[in-house]
Amino acid sequence: MLSSSTLALSCLLIVSSNVFAAPNLVPAAGQSIPLIRRPQPERTVAQWETWAKNEREVLTVKYGGNMEKRSTGTNLLTNQNADSSYFGTVAIGTPPVSFNVILDTGSSDLWVADQACTTGCSKIQLYNDLSSSTFHNLSEPFDIQYGSGAAEGTLGQDVVQMAGFSVPNQVFAAVTQVTSGLLDPPVSGLLGLGWQSIASSKATPFWQTLASSGAWSNPVMAFQLTRFMNGSNVNTEEPGGSFTMGFVNSSLYTGSIDYQAIPTTPSYWILPMTSLTVQGSSISIPSGSSSYSAIDTGTTLVGGPSSVIQSIFAQIPGSQPGTGNWQGYYTYPCTTAVNVAISFGGPSWPISPADFQLTKISSSQCVGAFFELNTGGTAPNWIVGDTFLKNVYSVFRYNPAAVGFAALSNTATAMNGVNAAPPSATIGSVSASATAGTGGGSNSAPHRWGVPWAPLVGGISIAVGAAWM
């Protein structure tokens, strides 16, 4: 007979074996197991957007992928010499040193004046390769020619930063000779924002490396430019607006952005000019490739075929062709408000009469901002610069390649003519980085737009000197 303690232990083991045994997963024949669907909570569009983003990122990492960090950035601009040029800042080297550079959608090379520069580079920040631990000398010559002069030096690679973005191996030129007057202090060089196909260095431009690598949240860069040419007590340097990468600033425009596709293999930012009106009258313009226009932030004015420029001023009573240094330009009575509007396949965009009026040359006569231009080679017939671009919010899209315009908001236009301290050069932290592809190797480029240039007289020589960059 079992003792009471032995009997208790036997009962405990029997109970335990039932508790810890594997469950019986085989249902009886014909037995079904009901599934209950819990009601799904309502989600807002924003919640779905967040969920979708997280789902993609989690699965990308889970299955061994890499999530590229995308970002946006803004570079505040300086308006130099009453709308003659607009410059921003880049930082080059390790440790980084900031340089003021013209932002130019009409060319594709980055260059800055080197410490060994002997001509045309006084009173500006100079690049010193010995002070950068990341500089690599490519030992290849570089030269580029503009209508207003030329720059030449040597190609190298270094870390280049702008608006929170970085390219650690950007090819650029440290120039040692610059045509006198090409750089107007405190500008040290130029940042080309055109496509690689027109780069004198053959290097991938800074912006194109960032856009093609997915470093930008959206594959766009955009400009808002201020107007000071008709202001009073204008300083040499005034706030110039903004340049953004990876996004468009919705506070600076109204309505929608009208994008027009680039009609050729990307080189310049080209759009066909489809209509042109002056004082309400339509001007006959060529079609097809003869209507191609380079949208160029580095040019102050608007240049076009002689026949069309003549037709424009024929609509302005009292206009006369310029002579001497003003050859190719036209004068007209300053009391006449000239209204010009241009379309590139979408809306017709008006140009302010204040922008059409380049300068006064007498008590009654003014010079117009449209001039005769005979381009050469494969360059487009029209060069559309800041005279037009000050009147729109302009967007340059990488993929699909297009240029977009939108009407400026009241916030943007309220900045015009408001004297204030220009933005200071700052070197911020890097939010996104991309490595440039191989490049470099060309040592020469043709004249930009194929136009010989004779400097204008007086104060306008400064304005239009920068116009040809």
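Predicted model: local features only at pLDDT ≥ 70, side-chain atom pairs only at ≥ 80, totals over all residues.
# Loops, rings and cavities

Reader: What kind of peptide bond joins Asn399 and Pro400?
Author: Most peptide bonds are trans. For Asn399 and Pro400, omega is about -5 degrees. That bond is cis.

Reader: Where is Pro186 found, and what is omega for the peptide bond from Pro185 to Pro186?
Author: Pro186 is in the loop between β7 and β8. The bond from Pro185 to Pro186 is cis. Its omega is near 10 degrees.

Reader: Where does Lys123 lie, and is Lys123 buried or exposed?
Author: Look in the loop between β4 (110-113) and β5 (136-146) for Lys123. Its phi is positive, about 65 degrees, although Lys123 is not a glycine. The relative accessible area of Lys123 is 78%, and the cut-off for exposed is over 50%. So Lys123 is exposed.

Reader: What is the phi of Asn233?
Author: Asn233 has its place in the loop between β9 (220-225) and β10 (237-245). With a relative accessible area of 70%, Asn233 is exposed. Most residues other than glycine have a negative phi. Asn233 is not a glycine, yet its phi is positive, at about 55 degrees.

Reader: Which residues of helix α4 are buried, and why do they lie on the same side?
Author: Helix α4 spans residues 306-314. Its buried residues are Ser306, Val308, Ile309, Ile312 and Phe313. They are on the same side of α4 because they cover an arc of only 165 degrees around the axis.

Reader: How far apart are the C-alpha atoms of Ile316 and Val338?
Author: Ile316 has its place in the loop between α4 and β17 (320-321). Ile316 is buried, at a relative accessible area of 2%. Along the chain, 22 residues separate Ile316 and Val338. Their C-alpha atoms are separated by 7.5 Å.

Reader: How many aromatic pairs are there, and how is the pair of Trp195 and Trp269 classed?
Author: The count comes to 24 aromatic pairs. In the pair of Trp195 and Trp269, the rings are 5.0 Å apart, centre to centre. The planes make an angle of 50 degrees. This pair is tilted.

Reader: How many residues apart in sequence are the parts that Trp195 and Trp269 tie together?
Author: Trp195 lies in the loop between β8 (187-192) and α3 (206-213). Trp269 lies in the loop between β11 (253-261) and β12 (270-272). So the pair ties together parts of the chain whose separation in sequence is 74 residues.

Reader: Are Trp195 and Trp269 buried or exposed?
Author: The relative accessibility of Trp195 is 6%. For Trp269 the relative accessible area is 0%. The cut-off for buried is under 20%, so Trp195 and Trp269 are each buried.

Reader: Which residues form one aromatic cluster with Trp195 and Trp269?
Author: Trp195 and Trp269 form a pair. They also belong to one aromatic cluster.

Reader: Over the face of which residue does Arg397 lie?
Author: Arg397 is 4.3 Å from a ring centre. It lies over the face of that ring. The ring belongs to Tyr259.

Reader: How much space lies in the largest cavity?
Author: There are 2 cavities of 30 Å³ or more. The largest one holds about 70 Å³.

Reader: Which element supplies the largest share of the lining of the largest cavity?
Author: The lining has 16 residues, and the closest to the centre are Ser108, Asp109, Leu110, Gln170 and Val171. By class, 10 are nonpolar, 5 polar and 1 charged. β7 (165-178) and β8 each supply at least two lining residues. The largest share, 4 residues, comes from β7.

Reader: What separates the C-alpha atoms of Val418 and Ser232?
Author: Val418 has its place in the loop between α7 (410-413) and β27 (432-433). At 43% relative accessibility, Val418 is partly exposed. Val418 and Ser232 are 186 residues apart along the chain. Their C-alpha atoms are separated by 9.4 Å.

Reader: How far apart in space are Phe135 and Gly156?
Author: Phe135 is in the loop between β4 and β5. Its relative accessible area is 23%, so Phe135 is partly exposed. In sequence, Phe135 and Gly156 are 21 residues apart. From C-alpha to C-alpha, the distance in space is 7.0 Å.

How values were computed:
Residues numbered from 1 in each chain as written. Heavy atoms only, no water. Buried < 20%, exposed > 50% of the residue type's maximum accessible area, 1.4 Å probe, protein only. Arc of directions from axis to C-beta. Phe/Tyr/Trp six-rings, centres within 6.5 Å; stacked < 30°, edge-to-face > 60°. Lys NZ or Arg CZ within 6 Å of the ring centre and 35° of its normal. 1 Å grid on protein atoms, 1.4 Å probe; cavity = no way out; pocket = protein on both sides within 12 Å on 5 of 7 lines; lining within 4 Å. Points joined across faces, edges and corners; volume = space filled by probe spheres on them. Nonpolar A, V, L, I, M, F, W, Y, C, P; charged D, E, K, R; others polar.
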